[in-house]
Amino acid sequence: MALVGGEEFSPACTFDRELLDVSGASEVLVVPTGAAYEHPDRSVSAAEGYFDALGSKARGLMLLARPDALDPANVAELRAARFVYLTGDSPMHVRSVLKATPCWEAIQEAWRDGAVIAGSAGGARVLCDPMVDPRGGAFTLGLGLIGQLAVVPHHDQWTHDRSRRTFELAGSQFPVVVVDKQTAIIRSTDGAWRTAGAGKVQIMLDGVEVGLDALP
C-alpha cells in the first residue's frame, strides 16, 4: 500500500517504479473517483503518459458514481488488478461511491491477495479509518483498508491551525501521518512501513513527532 501526498504521476515520485516491480502488474488500473467532478479523464491521461515512460501501461476505470461501484464488470476488473491507483481530491465522494459496495470488496480482496493499492490526496485519506475531513481537520469515517491511522496529504498546504486541531483531536488514540506532495508512506506485505519520494513525512501522536514503529 502507498499513501501519497498529492501531485502523483510526477518524475519525483520515484517510488512508483518499485511499486510496479513489487506488483508484477502489466498495467496500472487508475480509478479517478475522487476527481469525478474535476475532469477525471485528465488524471487518467497523466497516468498513461507517466507509466508509459516507466515502461508500463495505465488504464482508467471510470468508477465515478455509486451505480458504477455495483457494476459486475467493474468488480471483475478490480478483483483481477495487480496495481490499483485511487486519485482525486474528494475523499468524501470516494467514500460515498465505494463504501459497502462489491467494488470496494473487490479492492480489499485484491489487496489481501498481494495487489498494490495506492491512493493519492483524497485517495490516500479515504483508505484510512479514521479519515481526516479536509473541510476542517476533524475526523470522520473512512473506508478503513488501514485502521487506527489517519493521513493528511498536501501537508505543505495545510494551515497551522488546522494541523493543531487535527493533532489535538487524535490525541494518543492513533497516529496522524502528514505527507508532502510527491511523497509516499508505503506499507510492505510484511507490515513494515517506509517513506519515499521528494518531500517529508511526519508521524504525529499526541501532538509529538514519533517514528515509523508507532504505525499499525
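In what order do the seven strands of the open sheet stand? In this predicted model, the order is S3-S2-S4-S5-S1-S12-S13, with mixed pairing.

View 1. From one strand to the next, the twist averages 20°.

**View 2. Pairing of strands S2 and S3.** Strand S2, residues 28-34, runs parallel to S3, and three bridges link the two. Opposite Val 28 stands Ala 58, a residue of S3.

**View 3. Helix H2 lying across S2, S3 and S4.** The helix spans residues 40-53, and strand S4 covers 83-88. Relative to S2, helix H2 runs at about 155°.

**View 4. The four-stranded open sheet.** Its strands follow the order S10-S11-S14-S15, and the pairing is again mixed. Strand S10 (150-152) and strand S15 (208-210) are the edge strands, each pairing on one side only. With direction ignored, neighbouring strands are turned by 35° against each other on average.

**View 5. Antiparallel pairing of S14 and S15.** Strand S14, residues 201-205, is joined to S15 by three bridges. Met 204 has Glu 209 in S15 as its bridge partner.

**View 6. Helix H7 lying across S10, S11 and S14.** Residues 160-170 make up helix H7, and strand S11 comprises 176-179. The helix runs at about 155° to S11.

Definitions and conventions
Residues are numbered from 1 along each chain as its sequence is written. This is a predicted model: local features need pLDDT of at least 70, side-chain atom pairs count only at pLDDT 80 or more; totals for chains, interfaces and linings use all residues. Side-chain values use heavy atoms; hydrogens and water are left out. Two strands pair if DSSP finds at least two bridges between them. Axes are lines fitted to C-alpha atoms, for helices over the stretch in contact, and angles run from 0 to 180 degrees between N-to-C directions. Contact means heavy atoms within 4.5 Å.
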